[in-house]
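User: I would like to learn how to read individual features of a protein model. Please give the general idea where there is one, then the case at hand.

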Amino acid sequence: MSAIEETKQEISVPTPAKAQSAPPAGASGVSSPLMERALTLLVGVVLVILLRVFAGDAMSSYDVAGLLLLTVGVAAVGIQKMLDYLSSVRFGVSLLVLLVIACMIGMLIMQVNVDGFENYYAELTPSQKLLYGSLNFFDIYHSRYFNFLLLILSLNIVLASIDRFPKAWTFISRKKLDASAHWLRGQEQHASLRLEAESRSALAERISEAFRGAGLKPVVTEKNGKSFVFGERGVWNRLGAYAVHVALLTIFAGGFLTAQFSRVGQMPLKPGMSANEMSEVVFRIDGTTGEFAPTRASAELPFEVVCTDIQQQLIRKEGPITADNTLDWLTRIKIKDETGERDALVHMNRPYDYRGYRFFQASFQSLGQARQITLSVTPEQGGTPLRLTIKRDGEATLPDGTRIAFQAFFPDFVLGARGPDTASDEYNKPAAMLSVTPSSGGAPERVFALSSELLKNAPVAGKAVAGYKFRLEDFEKVPLAHVLSIQKDPGANVVYLGFLLLALTLAYVFFVSHQRVWALVEERGAAQFDVTLGGNTNRNHLGFEDRFKRLVSAIKGEPSEAAASEQS
């Protein structure tokens, strides 16, 4: 086989297309390319009309105009040329640049439905509001042109993969097992040796062992009285780019699912409260006038959430209930649906997942309450005070049968014309309202258990009920309610999978290379053979050069220093 023939096997050289005779003109005298363009335009217009009819109000006049313009463009260029352009690397890079620009806009301009957007929007000038609103910059990730860019980029990746995959697959399905000496000497790494051996097959086996030692899987063939040893490693690296394409398409698919089908809302929960819907404030911006209108949207959940308890773990127990003084806050809930009931615990940094919904701690209503109280109960006739701890909405029984129920808590207690109330959210004058039922079985009476500082001046202080006086000694601080953020994101796991695939495939693409080496064994006399070696790689050329030198030294029977150190 000649060197020219070997080169043609390695690289497919396109040959000039033969001049084609003019297609016969039909009765109308119209050429087939023109007929193809006309048919493309007709089919495109019909599809646009059908979409407009079935989509109704969901499809605006701008959408119709854009689709018609796209149809005219495809018809004018031609389907084949359009496909070639869509599958080109240059077009894909251009789309990536546009996507990066759009993402930068989304990072620089605060997006709608983000905390603080209302204040951000109020500080903008009228021209900024009008410009950003008309271009949908406030919600760019849900805009149609952003999704269109993702769609076209995905199409570019698919078409480019289809176009180039067959050539990459030939490295796996049709391996080049032999090569001429001239072709081998033209490779990036090559060597010529004169060796002695009992026979050509024995030398080929010796070379195969050296290939195995270098991490190359050898294949020995015979052709025209010559022996060929071919070895390679990392052949699947040729398909690494297409694995990267799959990872990118997975990320795009997950992002599209998130943008189109995700649901987010908040649910305030007090102990004993149940709810089966979440709500969020949605900001609507008129792109033509720039008017800003916040509205509340609700979404029903396929299950019911019952709050059984809330707890706030403070850094400083004597400090206020604020975010900077909170170590963790916990919400204990019970989820009810057709499958039954299950208990769940939502931490500040540990969300809970159920049926595709994720529960986060979002915030809390800072009105001070008590999760449990500790009372000092002193007999009216004197004696040793009793110390009782009662949980919220709970009760305790004294030895003589008197029942004490914890009804309400006031962090800043005041007693006005309308009854007991709190003057502020802070724990300035804490007090607990109790319901005391005498052991004799009489009607329950209301009692206010005050702290020591209030007992002297409060008008309700010192009053004995059911033969006892009550004082508030201690309490566990807790807010009025916790606000859970509930999110359903069908694309989140898909995006995570895509990024994992992307990291693995990029590592494989950049850290593994397809290395190929050929050895041609030709007989030159009694026990004398010429061995011509040649090899190439698609990346990591320095590493391949070192491997090739070790291989040559092993074939010669003289291990290199690198090989010796590697063996040690």
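User: Leaving aside neighbours within four places in sequence, which residues is Lys129 in contact with?

Analyst: This is a predicted model. In it, Lys129 is in contact with Tyr121, Ala122, Leu124 and Phe138, once neighbours within four places in sequence are set aside. Lys129 itself belongs to helix H7, residues 126-134.

User: Is Lys129 buried or exposed, and which side chain of opposite charge is nearest?

Analyst: Lys129 is buried and has no salt bridge. A salt bridge would need a side-chain nitrogen of Lys or Arg within 4 Å of a carboxyl oxygen of Asp or Glu. The nearest side chain of opposite charge is that of Glu123, 10 Å away.

User: How should I read a sheet, and in what order do the five strands of the open sheet come?

Analyst: In general, the strands of a sheet pair through backbone hydrogen bonds, in a parallel or an antiparallel way. Here the order is E1-E20-E19-E3-E2, and the pairing is antiparallel. Strand E1 (189-196) and strand E2 (217-223) are at the edges; each has a single partner strand, so one side of each lacks a neighbour in the sheet. On average, and ignoring direction, neighbouring strands of this sheet are turned by 20° against each other.

User: Over how many bridges do E1 and E20 pair?

Analyst: E1 pairs with strand E20, residues 528-537, over eight bridges in the antiparallel sense. For a specific position, Ala191 has Leu533 in E20 as its bridge partner.

User: Which strands does helix H10 lie across?

Analyst: Helix H10 (residues 200-213) lies across E1, E2, strand E3 (226-233), strand E19 (515-525) and E20. H10 runs at about 10° to E3. Helix H14, residues 541-556, lies across E1, E3, E19 and E20, and runs at about 5° to E1.

User: Now backbone angles. What is the phi of Asn224?

Analyst: As a general rule, most residues other than glycine have a negative phi. Asn224 is not a glycine, yet its phi is positive, about 55°. Asn224 sits in the loop between E2 and E3. With a relative accessible area of 65%, Asn224 is exposed, because the cut-off for that class is over 50%.

User: Where does Ala527 lie?

Analyst: Ala527 lies in the loop between E19 and E20. Its phi is also positive, about 60°, although Ala527 is not a glycine. Ala527 counts as partly exposed at 37% relative accessibility.

User: Why does Ser180 count as buried?

Analyst: Ser180 has 12% relative accessibility and therefore counts as buried, the limit being under 20%. Ser180 is in the loop between helix H8 (144-173) and helix H9 (181-185). Sequence separation and spatial distance can be read together for this residue: Ser180 and Thr532 are 352 residues apart along the chain, and their C-alpha atoms are separated by 9.0 Å.

User: Which residues does Ala293 touch, not counting those up to four places away in sequence?

Analyst: Ala293 touches Val282, Phe283 and Arg284. Ala293 lies in strand E6, residues 292-314, and is partly exposed with a relative accessible area of 36%. The C-alpha atoms of Ala293 and Phe283 are separated by 5.7 Å, at 10 residues apart along the chain.

User: How many helices and strands does the protein chain have?

Analyst: The chain has 15 helices and 20 strands. Of its 568 residues, 39% count as buried.

Terms used: Residues are numbered from 1 along each chain as its sequence is written. This is a predicted model: local features need pLDDT of at least 70, side-chain atom pairs count only at pLDDT 80 or more; totals for chains, interfaces and linings use all residues. Side-chain values use heavy atoms; hydrogens and water are left out. Helices (H or I, at least four residues) and strands (E, at least two) are DSSP runs, numbered from the N terminus. Buried means under 20% relative accessible area, exposed over 50%, partly exposed in between (1.4 Å probe, protein chains only). Two strands pair if DSSP finds at least two bridges between them. Axes are lines fitted to C-alpha atoms, for helices over the stretch in contact, and angles run from 0 to 180 degrees between N-to-C directions. Contact means heavy atoms within 4.5 Å. Lys and Arg count as positive and Asp and Glu as negative; His and the chain ends are not counted.
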